[in-house]
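Take a look at the model first, and then we can go through it piece by piece.

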Amino acid sequence: MIEQLEQYAKEHKIPIMLKDGIDYLCNYIKEHNIKNILEIGTAIGYSAIRMAQVSPDISITTIEKDEERYNLAKENIKHLNLENRIRVIYGDALETVIEGTFDLIFIDASKGHSIDFFKRYLSNLKQDGVIITDNLSFHGLVEDDSLAVTKNQRSIVKKIKKFIEFLDNHQEFVTKYINVGDKISISRRNSC
């Protein structure tokens, strides 16, 4: 089923995490005994499914604003009998109100709103929780912005750089960057 999701995403140009990125994330979840996850950006449910498969006691709340992808994610999750552990919310993550706290908040949605997502869901993060964000390389364009040829690409690169600057200067969090997949950040509260 995972291979089918990967193939579907490739054929329909749906952005999902690159294989080494999702493998790293799943290992991180396992190593740090993470049980409760909030995901911003469900797409077709690929990463939520992969994270849920790490351990039977993991529960995930995930938000998707595209109705077609939301319905497809629900279908994929149900097909794998994970609907009791993965709750998919149809809505805009910039407006959705989520109750409760989470061990991990995973931001994998509109790159232009990463700062907004980070700030909006900060109160949903447990004190010792972590915020992980994907796509900080944007296929190499962040490191070499001369490769960004369209106006949209240049705009996204600019917003990702602004988000990285936001993370680097955030007083409450220490962030490290991992060059796997399309580059991820791991932000943990400063223990000082």
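A residue counts as buried here when its relative accessible area is under 20%. Keep in mind that this is a predicted model. With that cut-off, strand β7 is mostly covered, since five of its six residues are buried.

**Strand β7 and its partners**

Which strands pair with β7? One is β5, which runs antiparallel to β7 over four bridges. Within that pairing, V130 has R188 of β7 as its bridge partner. The other is β6, again antiparallel to β7, this time over six bridges. There, Y177 stands opposite S185 of β7. As a reminder when you look at these strands, side chains in a regular strand alternate between the two faces of the sheet.

β6 and β7 form a hairpin with five residues between the strands, and in this hairpin G181 takes a positive phi near 55°. The loop between β6 and β7 also holds K183. Is K183 buried or exposed? K183 is buried, because its relative accessible area of 17% falls under the 20% cut-off. Leaving aside residues up to four places away in sequence, K183 touches T133, D134, N135, L136, S137, E143, Y177 and I178.

**Helix α6**

Now to helix α6, which covers residues 151-168. The buried residues of α6 are I156, V157, I160, F163, I164, F166 and L167. What do they pack against? Their neighbours are α5 (114-121), β5 (125-133), β6 (173-178) and β7 (184-189).

From α5, the residues S114, I115, F118 and K119 meet K162, F163, F166 and L167 of α6. Sorted by type, the residues of this contact are five nonpolar, one polar and two charged.

**Aromatic rings**

How many aromatic pairs are there? The count comes to five, and two of them are set out below.

| Pair | Centre to centre | Angle between planes | Type |
|---|---|---|---|
| F118 and F163 | 6.4 Å | 65° | edge-to-face |
| F163 and F166 | 6.1 Å | 20° | stacked |

F118 belongs to helix α5 and F163 to helix α6, so their pair ties together parts that are 45 residues apart in sequence. F118 is buried, with a relative accessible area of 2%, and F163 is buried with a relative accessible area of 2% as well.

Why is the pair of F163 and F166 called stacked? Their planes are at 20°, and planes under 30 degrees apart count as stacked. F163 and F166 are three residues apart in α6, so about one helical turn separates them. Both F163 and F166 are buried.

Ring pairs also bring in one further residue: F118, F163, F166 and F173 are linked into a cluster.

Technical notes:
Residues are numbered from 1 along each chain as its sequence is written. This is a predicted model: local features need pLDDT of at least 70, side-chain atom pairs count only at pLDDT 80 or more; totals for chains, interfaces and linings use all residues. Side-chain values use heavy atoms; hydrogens and water are left out. Helices (H or I, at least four residues) and strands (E, at least two) are DSSP runs, numbered from the N terminus. The expected span of a helix is 1.5 Å times one less than its number of residues. Buried means under 20% relative accessible area, exposed over 50%, partly exposed in between (1.4 Å probe, protein chains only). Contact means heavy atoms within 4.5 Å. Rings of Phe, Tyr and Trp (its six-membered ring) pair if their centres lie within 6.5 Å; planes under 30 degrees apart count as stacked, over 60 as edge-to-face and the rest as tilted. Two strands pair if DSSP finds at least two bridges between them. Ala, Val, Leu, Ile, Met, Phe, Trp, Tyr, Cys and Pro count as nonpolar, Asp, Glu, Lys and Arg as charged, and the others, Gly among them, as polar.
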